[in-house]
Amino acid sequence: MWRSLKRLLPFIKPYKARLGLGVVAFGVARLFEGLVPLLLALAIDRIIAGNSNLMAPVLGIFAVVMGRYAAVTTARYQVRRSGLSVAFDLRQSLYQNLQQQGSQFFSTHSIGDMMTRAVADIGLVQRFISMGSILLVILVYATIVGFGFMLYLNPTLTLLLLPPMPFIFYYARWSSREMGIASKDVQDRLSDLSDHVQENLSGIRTIQAMVQEENEIKRFGRTNQRYANAFYRQAQINSLMTAWMPSLAAICSITILGYGGFQVLEGQMTVGALVAFFFYVNMVVQPFRVAGFMVNLFQRAAVASDRLFEVVSLEPEVADNPVAGTPALIKGQIEFRDLSFAYDAVRDKALNEINLSIKSGESITIMGPVGAGKTTLLKLLVRLIEPTPGSVLIDGRPVTDYPLAQLRSQIAMVPQDPFLFGDALRNNLTYDTPDRGLEPIWDAATAADLRTTIEGFPEQMQTVVGERGVTLSGGQKQRATLARGLVRQAPVLVLDDCFSSVDTETEEHILSELKRLRRGQTTLLVSHRVSTARHSDRIVMLEAGRILEVGTHEELLKLGGAYAELERIQREGADASDYEPAGAFT
Amino acid sequence: MSQPQRDHSLFDADISGAVLNFSMLRRLLHWMKPYRLTFALSSVLILVASTLQVLLPVIISLVVIGHIIRGETGSDIPDLGMIELTNQLSLSLEIHPLWAACGLYTLLQIGSSVAGHIHRVTLISSVINGLRDLRQDLFRHLETRPASFYDRVAVGRVMTRVTNDIEALFELLRGLGTLVGEFVPFFVALGIMLAIDVPLTLILLCALPIMGGVTYFFRSATRKLFRLVRQTLSSLNQNMQENLAGLQVVQLSGREDHNLETYTNINEDNLGHEVRTARWETLYGAFNDSMAHIALGVILWYAAAMIATGEPGTNNLGMHDGLSLGGIILFTRFIDMLFHPIVVLGEQTNILFRAMASCERIFQALDWDEAIREPQNPVQLPTRLKGDIEFRHLSFGYDADRQILDDVSFNINAGEKLAIVGPTGSGKSTLIRLLSRFYDIPNGSIFLDGVDLNQIHSQDLRSRIGVVLQDFHIFSGTIYDNIALGDPNITQAMAEEAAKTVNAHTFISQLPQGYATELSERGQNLSQGQRQLLAFARVLAADPEILVLDEATASIDTATELLIQDALRKLTANRTSVLIAHRLQTIQEADRVLVFEAGRVKELGTQEELLALDGLYATLHRLQFQEPTLDAS
């Protein structure tokens with residue numbers, strides 16, 4: 001645990017002065033607090049003695065109150081401030097590091113997981129620093145100061161008060177752990193419940209069409225009940241703790257009453273001291289109770305810290321190490337030379353000895369079944385994944401020689417998943433260069449057949465898309481991401497299956513626009529449709545990571561291979577029996 | 001656009017924002033009623049627990065210090081009979097009064113803890129049960145709103161009523177419970193204090209308005225800050241989430257530095273607000289503890305003044321009646337009980353505010369009363385329909401000013417397979433939505449086996465029509481659950497048979513748990529094509545007399561495409577089928593083709609007839625002859 005927490009030290013170090021001031025101020029505050037019962041005892045004993053001069057203790061209390069206020073305020077503020085600063089720094093590092101990760105990392109880490117780290121784990125570390133140090137200080141100071149004053153008043157009684165303390169500590173620790181489990185359970189059940197509602201309301205048409213309302217209401221009843229149960233259980237544990245804690249502390253009170261009472265009766269202790277003991281015992285019980293919670297907080301913070309550093313200490317997946325002398329402008333000649341690639345040692349190679357040379361200005365369509373390696377090939381070109389040096393070349397130089405910024409700005413790739421940011425359309429379309437003029441953006445939108453759609457929106461290019469704005473259809477989204485690629489007018493354009501949700505007429509229109517705009521420039525695209533492939537200079541058929549056929553539309557038809565078969569099926573349609581994957585009908 | 005417009009007015013109507021709205025609380029009571037006995041028990045127990053809790057300091061100060069140690073006696077000491085009880089106990093058990101007091105203290109502590117625990121548990125159980133019922137009723141209400149309602153609302157906003165708003169009510173009722181738990185001891189303690197010494201009690205009470213004022217000031221000063229902290233924090237998370245979701249685009253566009261800068265700005269904003277909040281909170285937090293210490297000083301100062309001016313009185317302190325040493329000590333022990341409720345009240349006000357608004361939103365949702373018009377005396381359909389469908393002069397629009405369908409008339413014969421084609425927005429989808437009775441339709445415009453659709457109960461109708469929509473909905477549950485849909489008549493074997501027929505069996509049996517594999521809407525563990533096949537299996541298992549299908553537009557790889565076409569052929573065999581077709585194959589298989597344009601029937605006939613007509617269909621067909629797929633939408 002301590003080793004994990006120690007990793008936080010470099011982040012805490014810049015604020016050590018602040019944190020130190022806070023800790024010292026806490027000590028002063030506790031000392032002042034310890035003086036109050038002593039002054040009270042003094043006053044009570046004077047009253048008993050019939051002395052009406054209580055000026056000193058009363059003024060003393062007032063003075064102590066003011067001193068304590070100043071000290072406590074300073075202490076709490078400084079400590080909390082340190083926690084906030086550390087959280088700030090951690091967030092920055094996390095963000096920066098995640099931005100440099102690529103598909104390798106995100107194939108094993110979900111975004112949800114990263115968000116949990118950014119929110120929950122940083123929150124825990126922040127609480128650990130802010131509260132943890134407060135708690136630690138309360139624990140140390142209050143037990144020392146509290147026991148110190150008590151020992152001064154009555155050593156025997158003080159020792160008699162010790163036995164219940166471990167129980168208080170362990171009970172607090174146990175119940176806070178139970179509480180943690182119970183509230184996690186409540187959170188899980190609550191998220192089940194929202195999932196259920198979300199799922200139902202978004203599928204309401206199907207549910208009603210299938211007359212499933214009653215079934216679903218019944219099913220919801222169970223989810224609802226499970227949540228209620230979890231909630232009840234949490235409340236129960238909470239209530240038990242609220243009941244037990246004062247009972248354990250009461251053992252101390254009874255000891256004071258019993259032992260202390262007789263001592264007073266025998267004249268060995270003053271009434272004032274007896275009263276003071278009741279105050280001090282609170283001062284001592286509190287830290288033991290808090291310590292129970294603290295142990296858990298520390299443990300959870302240690303786990304959180306490990307999880308955070310797992311990300312913060314990551315190296316960038318694709319490092320930028322440009323070699324001097326690469327030309328500033330890419331012409332667009334591409335070569336794959338004995339290119340093989342595997343995502344990890346266990347799985348089969350995604351690409352296997354690919355050899356392909358693409359002339360500058362050529363247009364290529366890559367086809368092949370799911371999992372043939374089409375996307376992998378494109379990703380290697382822009383180094384979203386890192387190829388072995390020398391296996392992918394642009395204008396005769398390995399892609400790894402180019403600065404990443406240059407490579408990606410001159411090879412515009414439109415990924416398969418049409419992702420749009422929850423922002424104005426304009427900002428989405430000119431994402432790479434935010435200050436680009438409107439005219440080229442409209443041109444790109446026109447080429448992507450998006451003009452009329454945008455003109456249909458009241459706010460045109462300023463229309464916000466996504467959850468908080470207009471929801472675009474799948475086809476509209478694809479066309480928007482296409483426009484985002486076109487607007488860059490890059491020497492190489494790479495389109496990864498960007499027409500799947502666009503209807504054929506529109507696609508036809510866009511393809512002819514592409515032909516016009518991309519004349520003399522290299523264009524690579526992935527598609528399932530022969531109608532798309534026909535338009536390109538050459539077609540590459542991939543299967544299981546290998547190149548099956550390469551050639552023009554006519555050449556491949558003549559060849560009578562996989563492409564010709566695909567063309568026939570798509571032209572005529574076919575019975576399923578024509579194309580029967582192994583075990584289709586068992 | 002044939003889509004209905006979104007309308008936000010439903011959500012914004014009449015939130016009064018009142019702090020306490022009694023008519024609303026009364027309405028809330030309706031759900032609490034079944035649990036009123038538990039609630040009553042809980043209320044009695046809080047009184048018991050509070051009283052016992054107040055007696056504990058009485059034992060320490062009045063009984064032990066005042067009576068046993070100092071020998072104070074007097075009938076006017078408000079000890080609630082504790083001195084008497086201690087003496088009785090001491091006499092009957094023949095033990096020292098001090099031991100008796102310790103024993104009594106122990107019993108009171110145990111009693112207070114037990115009563116308190118049962119009080120809290122019973123309170124929370126009645127609240128949980130009541131709100132569970134409310135949530136269930138709300139869900140039932142929302143689940144049965146018609147499709148036309150969901151056209152106009154954003155699902156997310158409806159959803160938060162069932163989740164967040166009910167959550168806020170939990171907070172409200174729990175908060176009220178906490179306040180009761182604070183204020184009952186407050187009043188018991190106050191009564192005892194007044195009985196001991198009125199002037200001192202009044203002086204101490206003066207602190208309450210001060211604390212209340214400071215609390216109020218603090219709350220209003222920080223309310224805006226808290227909101228800013230929440231806002232910046234959520235935009236921090238949103239920014240990161242979006243950046244990660246679109247990371248590939250970010251990297252491909254070289255936007256890393258720019259985005260980091262944006263993030264840093266939000267992070268700095270957030271830190272600024274957090275620090276200001278921390279400053280206020282620390283100033284306020286220490287103020288409350290200090291007041292307790294000041295009160296201690298005031299009590300002592302008052303005691304000193306009493307001794308100085310006191311006339312020889314009835315007690316041995318030389319004080320005036322009532323304020324004995326035990327009394328003074330009791331006062332010092334009661335300070336917390338006196339001051340704490342006001343602090344808690346300050347904490348709870350914000351929650352109360354929010355919860356009141358939530359409560360209004362929940363009732364507002366329960367009052368949404370849009371519904372499909374059901375017939376008074378529905379026609380009982382025969383066990384097996386023939387499947388004749390007639391559209392007769394059907395006109396329809398989602399809004400009064402936009403006509404989507406314009407005088408549509410045609411017949412579909414029993415067992416016929418009809419493909420509908422036409423451009424986007426021509427009203428194809430609206431046509432099948434009306435047939436599935438998602439909307440109220442004009443009387444006398446759609447007939448099923450000669451019966452007006454308006455005379456059939458919508459649920460009865462829907463169980464006869466199998467609808468496959470473009471956006472296939474997966475219910476969370478196993479694959480088998482998704483095929484059988486809770487129909488006990490569909491056995492596992494039947495589900496498998498259906499899956500085999502529509503070519504879904506292969507991929508299902510390749511899943512790790514086969515038919516027992518859990519699916520989730522969000523998990524998206526199925527591909528588009530697989531979802532489509534599963535939807536077919538579901539419809540086939542239900543074996544409806546009529547099939548309505550809105551073909552998915554997304555292009556699917558050729559192998560899956562072929563499986564889908566084959567499945568569709570089996571599905572439509574001997575079944576009246578209405579298909580919105582995007583694919584050449586589907587159209588070729590149809591008995592007749594209906595060409596739809598701008599809400600009107602443009603052409604209707606067999607493929608050959610339409611080609612001979614040389615109209616819109618012939619044009620589309622030429623395009624499709626040239627193209628491998630026809631996608632007219």
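1. Two strands are taken to pair if DSSP finds at least two bridges between them, and helices (H or I, at least four residues) and strands (E, at least two) are DSSP runs numbered from the N terminus. In this sense Ile539(A) stands opposite Gly551(A) in S10(A), and five bridges join strand S9 (residues 538-543) of chain A to S10(A), the two running antiparallel.

2. The model is predicted, so that local features need pLDDT of at least 70 and side-chain atom pairs count only at pLDDT 80 or more, while totals for chains, interfaces and linings use all residues. Residues are numbered from 1 along each chain as its sequence is written, with chains lettered from A and ligands numbered from 1 in the order in which they are written.

3. S9(A) and S10(A) belong to an open sheet of six strands with mixed pairing, in the order S6-S7-S8-S3-S9-S10 (chain A). Its edge strands, each pairing on one side only, are S6 (411-414) and S10 (546-551) of chain A, and the twist averages 15° from one strand to the next. Helix H17 (residues 474-486) of chain A packs on the sheet, where H17(A) touches S6 and strand S7 (492-496) of chain A, and its direction makes about 175° with that of S6(A); axes are lines fitted to C-alpha atoms, for helices over the stretch in contact, and angles run from 0 to 180 degrees between N-to-C directions.

4. Between the chains, the contact (C-beta atoms, placed from the backbone, within 7 Å) takes 119 residues from chain A and 115 residues from chain B. Helix H10 (residues 213-265) of chain A supplies the largest share of the chain A side, 28 residues.

5. The axes of helix H8 (residues 164-202) of chain A and helix H7 (residues 155-196) of chain B come within 10 Å and cross at roughly 140°. Among the residues that make this contact are Leu193(A), Val197(A) and Leu201(A) of H8(A), and Val155(B), Val158(B) and Met159(B) of H7(B).

6. A nonpolar core is a set of buried Ala, Val, Leu, Ile, Met, Phe, Trp, Tyr and Cys residues joined through C-beta atoms within 7 Å, buried meaning that 20 or more other C-beta atoms lie within 10 Å of a residue's own. Of the 216 residues in the largest such core, Val125(A), Phe277(A), Val494(A), Ile59(B) and Ala101(B) touch the most other members, and helix H11 (residues 271-312) of chain A gives the most to this core, with 21 residues. A second, separate core of 106 residues includes Val127(B), Leu142(B), Ile483(B) and Ala504(B).

Key
Contact = placed C-beta atoms within 7 Å. Buried ≥ 20, exposed ≤ 12 C-beta atoms within 10 Å, placed from the backbone.
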